[in-house]
Amino acid sequence: MVYLVCHPIYSISQISFMSNKSLSDLEHQIRYSTAIREARIKGMDVFQGWFDTSKSANQSLIRGYWDFVFHIIKPKVCEYIERPEDKIALEIGYGGGRLLNAACSFFKQVIGIDIHDEKETVKNFLRSQNKYNFILIKTPGRSIDIDSESVDFIYSFIVLQHLPTFEVFSNYLKEAYRCLKSGGVAQLYFGRFSKLNLLDQLIFFLKGYKEIESPVNHTSLVIRLAKVEEMCRNLGFKIVDTGPSYKGVPDGYPHRRGGQNFITLLKPTKK
């Protein structure tokens, strides 16, 4: 059983007492929540397409299975997952639910966290696909609000590249380590540093990342793979695999590389 960790709900009068970082997170959450709500108002096809540029909800569902099989449960992931029918998975940034829908077919239970306010919309969408083995949680955008060592698998795709700051990314890595059981696996995608022009790559090389001021749903954070590897090792993860994402799989594969890199992580079993 997964027990949820409760976080306080802040009133408008309390916001003025928050730190600048908290305000930045709040502004980021409001921008995304507003854009997602506006997409939902326009109908399910537009709502689903907002998250993955699909032309219809049906296409989004089909491509969700393709992305889940191709990008998430890669062979190296499979090496460390046994009896998935008994396992609990968690998605960071469930969006419209297309990947979570697929994950429900592979695991005993799937938990989805996100910052937007469309939980009921996604819940109804998943139930329309006869999926009931899921829990959806709204979070403040920098934490995984469940108990420590309570899930077996954590994944995220087309989400971490949209974080507002490097600090938030770092916090998600720490949270992933905390929430995974010993022997658990994480499959995480993040913005690829080589997307930057050559000058910016030189300027930010030693820093290892760049925070980008960008419109909603555009890349706002890119990180060098070596930087992410160092962070993960320092947390105690074992790095199992790394590699690039691909656009619109299976169309055009392998010639259309995406804007993300992935890292596959193992939380070693306690001795």
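Helices (H or I, at least four residues) and strands (E, at least two) are DSSP runs, numbered from the N terminus. Keep in mind that this is a predicted model, where local features need pLDDT of at least 70, side-chain atom pairs count only at pLDDT 80 or more, and totals for chains, interfaces and linings use all residues. Residues are numbered from 1 along each chain as its sequence is written, and side-chain values use heavy atoms, with hydrogens and water left out.

Let's look at the charged pairs. Side chains of opposite charge can pair when their charged atoms come close. A salt bridge here is a side-chain nitrogen of Lys or Arg within 4 Å of a carboxyl oxygen of Asp or Glu, and the whole structure has 14 of them.

| Salt bridge | N to O distance |
|---|---|
| R83 and D86 | 3.7 Å |
| K138 and D117 | 2.3 Å |
| K267 and E149 | 3.6 Å |

K267 sits in the segment after β9 (257-266) and E149 in the loop between β3 and β4 (151-156), so this pair ties together parts 118 residues apart in sequence. Is K267 buried or exposed? With 5% relative accessibility, K267 counts as buried (under 20% relative accessible area; exposed is over 50% and partly exposed in between, with a 1.4 Å probe and protein chains only).

Elsewhere, salt bridges that share partners join D52, D67 and R98 into one network.

Now for helix α4 (residues 57-72), which holds Y65. At 32% relative accessibility, Y65 counts as partly exposed.
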